[in-house]
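The sequence and the model come first.

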Amino acid sequence: DNAINATNLLLIDVSDRRPARRRCARRVLEETLSELNESIEDKSFDAAQCTWLHSLLRVDHIDVLLSDAIRHISTAVLYERGQVLRSLILSLNSYIAHADKKSIHGDWKFSTYLCELISTRHNVCSEAIDRFPDVRLLTIKVVYETFMECLQSMEAEDEDAGTVQLKPCRSYKDGALGSVYLPLSLLQSSCVLLSIWKDKNDNEERRSKDYVNELSNILMFPFDSPEPLLLETDGIEGIASAKMVASGNPAVSVDEWVMLAKSRCDYIARRAALSAPTKFLPRLLLCSGLPKSSLLTMIDRLGKLGEKSQNEHKVYRELLMPSAAASWGFGQLGSRREIARKLLGRLSAYISMADETVETLSEEHSLTFISWLSEESQPSEKQRKGRPLKKAIKAGFSSEVASRLTEAEKVLENVDDILAPMGSDSLLPSENVSLITFKTIPYSTIIDIPQVNKENLKDFIEGCCSRNDSDTIEEWIQKTFFSKPYQARVEQHEELTSNIDQHTVATVLLETSITATYTNSEWNRAVERWTPVLSSTHGNPKLWKIIFSHKDCDLDTHCIISACCLSWCPFNVARCRDWLLSAINDLTSYDLQGIVNFLLQTSGQQSSHAPYLQQERISASSLFQTKESVGNLVTIAFECAKQAGQVINQRNDVAAWLHLLLLVAQTGKRQANHMISILLSKVEEAKHDGLRMLMGEAILRIYSYYPWNVNLGNPDLRKLLVDSSVSIDWREWRSPLDDHLNNMFRGLKQSPNQRLVQGLIDLSKGHPLILLRKLELMAEMLKDDAAADTRGSSRSRINAENIGGQIIANYNDSQVKINVCHWGYRYTDPLWNSFIDILLSVPREVLFPCGISMGLEGLLEMYVKLIWVQSQLRNREQKATRLKLRFSDFMTAFEQDAAWNKWLGSKLRGIGSLGNVRNILIRCSLITTDKAMESVRSKS
């Protein structure tokens with residue numbers, strides 16, 4: 001038994017997270033099993049000091065150790081690499097095979113372990129598979145056989161979050177198979193194997209080659225099939241059709257497509273380029289190290305995609321939109337033109353390295369996409385004309401810096417002449433890169449802005465919106481309202497040629513965008529940018545209604561609201577806020593979440609957590625001064641809560657509407673109590689229990705944050721707080737009394753005195769719910785106080801002795817007397833008695849209903865254990881019986897509660913062999929036999 005336990009401990013260390021402990025455990029096992037290691041013929045594990053993995057299978061009690069060994073080795077493979085990882089993988093396969101042979105059943109399967117390992121650590125596993133032939137042969141075989149089992153079953157064994165639905169390619173078995181269900185880790189492992197496979201003419205790996213070819217036939221289109229180029233939609237079969245069963249999202253990420261497109265095997269890379277979704281093709285072209293076949297296949301697919309579409313310009317622009325590029329995993333790539341330039345530069349480098357020409361490429365592949373990239377990358381005439389000066393002005397440079405930028409551009413134009421003597425390749429167009437120079441279509445970006453006045457303003461904006469012409473509308477706004485002459489006339493109060501108000505333009509712009517049938521992302525961004533700026537100084541109810549009432553549209557109204565909070569002047573903010581509070585009679589048509597966020601950001605208040613960091617009260621904003629405004633805020637928050645649903649009960653997650661209520665309560669007692677009275681009336685009017693519970697949790701959170709501002713004289717409020725504290729766990733919520741209570745309990749532990757006890761008693765009477773949150777702390781303090789220690793005796797400490805007295809021990813050839821002390825032999829009597837006094841001062845309607853859910857049973861467990869231990873000892877001090885009498889008084893109060901009988905029937909941890917609590921209390925003479933029988937009868 002000792003040897004088995006020692007081996008289990010070493011196996012635990014083998015799977016430890018710390019590398020030093022793993023190395024030490026492997027060395028100990030290697031040296032311990034050295035005799036068996038010498039008889040092992042396979043010496044391939046010697047380099048990694050893992051021969052013990054073979055030897056462990058030959059020990060006498062391997063059947064007992066096998067389940068633990070499999071479990072720990074399957075954990076160890078998650079931390080190792082190289083030779084050690086190879087040894088663990090091969091040994092894990094041997095151990096599971098041995099367990100199957102010996103009919104040792106367990107929840108293990110080698111294929112599951114291996115697939116999860118490859119999908120989790122694909123880089124490390126790829127290196128091991130490529131380096132060790134035995135690992136490569138085993139991995140390919142296991143993945144292939146597991147995949148075939150899924151194909152034969154055709155049904156999902158367990159449709160959990162890790163199950164994938166896939167339709168094999170129609171070219172595989174003539175499309176006879178339907179949808180297949182398989183684990184996500186198996187699909188990811190297959191992608192890793194296909195990406196690292198090298199096509200070798202090796203007889204030993206001929207079977208592996210057949211397995212890989214079979215997997216590629218199932219997952220990807222044949223490389224000689226033009227079918228994907230003619231498909232109207234993506235993702236209908238093959239690996240591109242893999243969807244998560246639970247969510248319906250694509251199962252293959254863009255990173256896995258990158259691995260497949262850069263496969264070491266040329267024909268697999270080309271098949272991946274044929275099978276990849278069209279939306280990922282530009283991302284794959286940005287990769288470095290693409291094989292030639294994969295590169296040309298993707299260029300050809302994109303070219304034919306544009307040729308067969310009615311508007312190739314629209315198709316390509318949608319592929320390179322920043323919103324589409326957001327799913328590429330690159331972060332911010334810039335605008336569409338910047339992405340096109342990066343693509344064109346990467347393709348130019350690839351094609352120049354391939355020594356290809358335009359003529360040879362155009363004969364076999366479509367170059368429509370490259371032609372469009374060349375046109376899209378060309379700057380417009382207007383941009384070329386004023387680029388240096390415009391950049392200098394935008395960056396705030398002086399005219400001198402602008403002139404230097406112009407000179408720098410001239411130098412860059414002659415950079416080829418500068419680098420020629422150094423032997424460098426020319427950076428100007430040469431015959432190697434001439435293939436990217438295509439015939440460009442003349443395109444003029446010079447914007448012709450018409451004369452706009454009040455009469456034709458709406459027609460002008462509607463025309464721009466119908467064309468999604470964001471450039472024209474932005475140029476007009478910039479020229480009309482934010483040019484220097486306009487600003488100068490505004491500052492000098494001169495008469496303006498245009499009688500259009502900025503907020504009128506913002507209103508028409510926002511109204512037109514919301515009512516339009518379709519707007520693209522560039523137009524929406526322009527509207528979101530200019531609406532807050534145009535309405536910064538003035539606004540009108542029509543504009544405010546549009547902003548706060550349309551939550552189901554293409555525009556991000558919450559982004560507009562946040563920008564308005566930063567851009568609007570205080571006068572405009574105050575007018576809008578007054579209008580919102582006056583519109584509470586019809587809140588159904590408004591975006592309540594947006595209104596709450598606006599009120600929070602413009603309230604002028606600090607965070608609701610600020611009072612815990614400072615003592616002075618924050619001055620109240622004008623928003624919270626009157627009863628009418630407080631009532632309106634509470635109504636808005638209440639309606640928002642009805643839409644939002646359940647309150648998040650964690651410490652830091654506070655809903656926006658609840659945060660607004662906390663800010664109201666933060667301003668003072670008058671506002672807090674008026675708000676709570678309104679909430680109580682709404683609780684009574686609530687038609688379902690869920691809303692009443694929601695408001696109860698909200699009021700409890702307000703009381704926890706600001707207990708000094710809440711008046712507990714209302715019995716309805718007290719009952720609601722008690723009911724809410726029983727239904728949820730709120731012990732981790734913030735409260736300004738936490739630090740105060742912790743300091744008082746800490747002082748009571750160090751030096752129990754009546755002044756501290758009286759302070760805690762007063763606090764328990766005024767805020768009993770807050771004090772009951774410290775029941776676990778009190779139980780922990782009592783547990784530490786009664787622990788066996790070497791503290792000296794004091795007048796307040798009770799010291800008991802064993803009934804048998806001291807024991808004799810031999811020490812240094814002499815006999816000494818020893819006092820054996822366990823938990824409960826010593827305790828501080830004033831501390832234990834004071835806790836009972838504090839609890840008995842808590843109102844009964846709060847103590848037992850709320851205390852049971854906050855840790856009262858754990859505290860009572862300490863008392864029962866201590867009294868039981870003391871009853872088995874000899875104690876010469878008379879005051880030792882005082883605790884027992886005081887605890888009997890608490891039991892008498894507890895008998896009146898409904899939880900009394902349930903607690904008597906429970907068992908205590910550590911002394912469960914004594915029976916339930918009822919039996920222990922009878923032995924300690926804390927309750928009589930008649931009372932015990934009465935509790936049994938009442939329970940039955």
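A residue counts as buried under 20% relative accessible area and as exposed over 50%, with partly exposed in between. The model described here is predicted. Isoleucine 807 has a relative accessibility of 43%, so it counts as partly exposed. This residue lies in strand 6, which spans residues 807-810. Together with Ile818 and Val820, Ile807 makes a nonpolar surface patch of about 210 Å².

**Whole chain**

The protein chain contains 50 helices and nine strands. Its 940 residues include 48% that count as buried. The accessible surface comes to about 48,300 Å², and carbon and sulfur atoms account for 49% of that area. Among contacts in the chain with a separation of 6 or more, 72% are between residues 24 or more positions apart.

Three strands form an open sheet, in the order 2-1-3, with antiparallel pairing. Its edge strands are strand 2 (180-183) and strand 3 (238-244), each of which pairs on one side only. From one strand to the next, the twist averages 35 degrees. In general, the strands of a sheet pair through backbone hydrogen bonds, in a parallel or an antiparallel manner. The two pairings in this sheet are listed below.

| Pair | Sense | Bridges |
|---|---|---|
| Strand 1 (residues 163-167) and strand 2 | antiparallel | four bridges |
| Strand 1 and strand 3 | antiparallel | three bridges |

Valine 164 has leucine 182 as its bridge partner in strand 2, and it stands opposite methionine 244 in strand 3. Is strand 3 largely enclosed by the rest of the structure, or largely open? Strand 3 is largely enclosed, because six of its seven residues are buried.

**Helix 31 and its cover**

Which residues of helix 31 (residues 541-549) are buried? They are Leu543, Trp544, Ile546, Ile547, Phe548 and Ser549.

Technical notes. Residues are numbered from 1 along each chain as its sequence is written. This is a predicted model: local features need pLDDT of at least 70, side-chain atom pairs count only at pLDDT 80 or more; totals for chains, interfaces and linings use all residues. Side-chain values use heavy atoms; hydrogens and water are left out. Helices (H or I, at least four residues) and strands (E, at least two) are DSSP runs, numbered from the N terminus. Buried means under 20% relative accessible area, exposed over 50%, partly exposed in between (1.4 Å probe, protein chains only). Contact means heavy atoms within 4.5 Å. Accessible areas come from the Shrake-Rupley method with a 1.4 Å probe; for residues, only the protein chains shown count as cover. Two strands pair if DSSP finds at least two bridges between them. Axes are lines fitted to C-alpha atoms, for helices over the stretch in contact, and angles run from 0 to 180 degrees between N-to-C directions. Patches are made of residues with over 30% relative accessible area and no salt bridge: like charges are joined within 9 Å, nonpolar side chains (Val, Leu, Ile, Met, Phe, Trp, Tyr) within 5 Å. A salt bridge is a side-chain nitrogen of Lys or Arg within 4 Å of a carboxyl oxygen of Asp or Glu.
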